[in-house]
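Please keep the sequence and the structure in view while reading.

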Amino acid sequence: MGLIPKAFGKDGAVLDQPRVLDANPVGDLDAYLAIGGGRGLDAARRLGVAGVIDEVDASGLRGRGGAGFPTGRKWRTVASYEAPDEPAVVVVNGAEGEPGSFKDRALIRANPYRVVEGALIAADAVAAERIVIATKASFTREVERLQRAVAEIVAAGWAKDVEITVHAGPSAYLYGEETALLEVLDGRGPFPRIAPPWRRGIDDVPLHPGGHVEWSAAVEMAAPDEDLPVAPALVDNVETMANLPAILAEGADWFREVGTDESPGTIVCTITGRTKRAGVAEVAMGTTLAEIIEQIGGGALDGRSLVAAVSGVANPIVLASQFDTPLTYEAMRDIGSGLGTAGFIVFDDATDMVAVAQAVSRFLAVESCGQCTPCKLDGVAISGALDRLRASEAHDDDLALVDRRLASVAFGARCNLATQQQVVVGSIREQFADAFAAHAAVDVPGAPQELIAELVDIAGDVATYDQHHREKQPDWTFDAVDSGQLPVDRF
């Protein structure tokens, strides 16, 4: 089934038409114009800056990159940090690498014109003169689609005085973290920085006559003073941008016709794992997790029962007894988890959850950049202990080691990766304590390794995973033996 051209409502009925995940791929700008493309940008330019931000604020749109921060509030913050001589930059985060998520690539494949139009609306709202659409070099199909869409839109005169570029960046998981993404656009490695985007954008600027501040994510520096002429960056996710044209064309009230008061609109969900099929679909916010597992994934494999799911590697595990939870930011928070990118990896009763915990831990330990020592070293230690537990070859203190290192892994962390290790692995450890105890006591045989890694593609009903990640070392090489060096030092 793959990329499902349907949008399911809260009652399981198909919505009249999808809002952002087009039913049929839009081949060129003329085809986009034929389905109403450009109306949102026209409306935005009639409303003016204040009117656009007010409309986005009224819609209740929340960022679809995982955090769910109110989009209108973010835009007001960026606008308030406008530098006198340096215009803001709009950055579209298309560096999708969250395990289990394929929504951004599905949106770009279906209709990149909607994403670019949304970015132009955002640029008008924060007085930006430059848009950078950041994706991965490995996303060759998506890069080609974006480049063609940008060329057509520029040729049609939509961009006016705004420069639009597509940046094809590295494959690292941290490239999707917004400050690490800005570091890459600044010509450095994907290592998270301290200064937030709304305080500092993507261009180094002289701070006094004849002087220049060299920024390096590897060196801990405080955010610059508010009175320095440092241009902010507005960073929003692909799906967030794709929602904007229709919000401006149809209005905030229209957007709120679907979803809940706190989580209005639709969300593009990915289902992979132990289900009959893998797929991507747009659903109304408020649809339950059980419904989307059934509608998109076809439910459990024959003869099996589902036991749990995780939203990528960013939020605590959701048990099958909680699958009736509506997919909203508030409802997922209330059960102690989170919506994230709505990319759910589903597990059944044939899955060894200790092996899942080890796979999650290994992914995060490998992808840690090493700027924060506990994140890398504790992460590697947790992953190693879990691997011995998975194989039922644990040392006497491995369970205690896991618990102890989970408590310290996030010390001093500048990004969320270490906390993800803590909350995701910690939640599996808590909810499946008997499985851990059984492996520690060698009461069960060793389990095969699981793979938690980036999705490479979803074609038909089948998901393809980055099998190459099995060989990736903690130093970010694919050498036979890890060098022991930190990625931040190597790169």
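## A buried pair

Arg-109 is buried, its relative accessible area being 10%, where buried stands for under 20% relative accessible area, exposed for over 50% and partly exposed for what lies in between, with a 1.4 Å probe and protein chains only. The model is a predicted one, in which local features need pLDDT of at least 70 and side-chain atom pairs count only at pLDDT 80 or more, while totals for chains, interfaces and linings use all residues. Residues are numbered from 1 along each chain as its sequence is written, and side-chain values use heavy atoms, with hydrogens and water left out.

The side chain of Arg-109 forms a salt bridge with that of Glu-142 at 2.5 Å, N to O, a salt bridge being a side-chain nitrogen of Lys or Arg within 4 Å of a carboxyl oxygen of Asp or Glu. Distant parts of the chain are linked by this pair, since Arg-109 belongs to helix H4 (residues 103-110) and Glu-142 to helix H6 (residues 140-155), 33 residues apart. Glu-142 is likewise buried, at 2% relative accessibility.

A salt bridge of 3.3 Å, N to O, joins the side chains of Arg-76 and Asp-57. This pair also links distant parts of the chain, with Arg-76 in helix H3 (residues 71-80) and Asp-57 in helix H2 (residues 39-59), 19 residues apart. Arg-76 is partly exposed at 36% relative accessibility, and Asp-57 is partly exposed with a relative accessible area of 33%.

Between Arg-274 and Glu-450 the side chains meet in a salt bridge of 2.8 Å, N to O. Arg-274 counts as partly exposed, at 22% relative accessibility.

## The whole protein

The structure contains 27 salt bridges, and a network of them links Arg-64, Lys-103, Asp-104 and Glu-239. The protein has 17 helices and 12 strands, which are DSSP runs numbered from the N terminus (helices H or I, at least four residues; strands E, at least two).

Of its 491 residues, 57% count as buried. Among contacts between residues at least 6 apart in sequence, 71% join residues at least 24 apart, a contact meaning heavy atoms within 4.5 Å.
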